[in-house]
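Q: Please take a close look at one part of this protein and describe how its residues are placed.

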Amino acid sequence: MTDPTARPVVLIAEELSPATVEALGPDFAIRYCDGADRAELLAAIADADAILVRSATKVDAEALAAATRLKVVARAGVGLDNVDVKAATQSGVMVVNAPTSNVVSAAELAVALMLAAARHVAPAHAALRNGEWKRSKYTGIELFEKTLGIVGLGRIGVLVAQRLAAFGMNVIAYDPYVQAGRAAQVGVRLVDLDTLLAESDFMSVHLPKTAETVGLIDADALAKAKASLVLVNAARGGIVDEGALYDALKTGRIAAAGLDVFAHEPCTDSPLFELENVVATPHLGASTDEAQEKAGLAVAKSVRLALSGELVPDAVNVQGGVIAEDVRPGIPLTEKLGQIFTAVAGEVAQQLDVEVRGEIADHDVTVLELAALKGVFAHVVEEQVSFVNAPLLAAERGIVVRLVMDAESGDHRNLITLRGTLADGTQVSVSGTLVGMAQRERLVEVNGYLVDIEPTEHLAFFTYVDRPGMVGTVGQILGEAQVNIAGMQVSRETKGGEALVALSVDSAIPADTLALIETAIEATSIRAVDLA
């Protein structure tokens, strides 16, 4: 049996910056292994709670199956070619990376390759080392007033555009997923790919590697380019067809190329390396001290969040994307509403609507659906519930989950409601909001009864037929049990009809005390909730 007091095990499978270990802090047991050694990895990962890797360690289905306690795979870098994200998701394991850690380094290397190719730096250097002074042979071209075509206007593409605009270049870009207005904000004109190929003097590729982008720059594309084109690829190997590129460079179809990535890596033997008009580096885009430290610090922070059960913004297999600042305070509230919902319902709903109303509905609130499910299953299943496996738990149980948004929220600036249908058709709902500058959490509705109570660690809800003396009876029984009431609210629809008492208390109410209250007030429903 696992010792609950033992520190979570964090396995570091490749060399990372010392700052990474420091950032993890003293709360974890740090272990090391050689992730490239398969046998060593499978043995070491067996009892790890988290694993930190770079690019040499393959975290595939076999490794995930061997990891009985694994909660998070952290890649200290951007690409995830060495991590089976689908298998991890099916196992409820969060996958995180450091998506912004190397953007500056990658952009700077693209610029370096472009300048090196334009000015023949590599062959001129090699000639000089061989004792040859060949100034006239290596006459280059300027970037000033030339047209730069950027293929992929993401974070790195934008950085390259900004830097090379300072060289006096005219910048155009092809990216079907970017709006023209957004491109204009960074001084870039959007064009189609054919136009970019026809107009560019220099071209820099900054696309992810997908089924759609592999081979995008092929022989047909290169045939549309200027003979003076200098092509740079510091993104992902395979986007540029290396065979077609070799032919284009060899025949003078284009002028030069700067390459940092290749279709198959490590790549030490390529016909491209024989050409003087090619400058190549061994995938150095993220290989700066600054990028490595940023990556390590980013994944260390993500591991800490993941192992504490919190949402990790850099998780690649958690829906929700970037979380707006206005949405963040609603995450813990929604998770609590999920726990309250299940406790009040007494079972898991067959259908669950997560309703988000008010100003925050203008943002992407997908994360609140995840938070609701995490709360709903918190005390239902044995395994640890995370933002990764909560949707899987719902799917396994055939629960239909919907996210409903509405800009109108009635009496509240923002309102979050969980509304579900149980197996017998019964409807259950709970609602909460955040109030004041401090964004204090308030529970404002339970099954149609209006309340106003802080969702503290220990809550209880009693329904009974409204009549005199019932509130006093509840207070007396709790007092005799040494349970202090922190807050109490009584709500009813009609005089003499059914009423609800909502309580926040300083300690958990013992089961026998709940039974006494149930009998004394002839409760039709009695529920206690521990949000710990």
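A: Methionine 488 counts as partly exposed because its relative accessibility is 31%, where buried means under 20% relative accessible area, exposed means over 50% and partly exposed lies in between, with a 1.4 Å probe and protein chains only. This is a predicted model, in which local features need pLDDT of at least 70 and side-chain atom pairs count only at pLDDT 80 or more, while totals for chains, interfaces and linings use all residues. Residues are numbered from 1 along each chain as its sequence is written, and side-chain values use heavy atoms, with hydrogens and water left out.

Methionine 488 is placed in strand S20, residues 485–492; strands (E, at least two residues) and helices (H or I, at least four) are DSSP runs numbered from the N terminus.

Strand S20 is also part of what covers the buried residues of helix H16, and this cover includes strand S19 (458–465), strand S21 (498–505) and helix H17 (511–520) as well, contact meaning heavy atoms within 4.5 Å. In H16, which spans residues 470–480, the buried residues are Met470, Val474, Ile477 and Leu478. They lie on the same side of H16 because they cover an arc of only 95 degrees around the axis, the arc being that of the directions from the helix axis to the C-beta atoms. Gln476 and Glu480, on the other side of H16, are exposed. After H16 comes glutamine 482, which has a positive phi, near 60 degrees.
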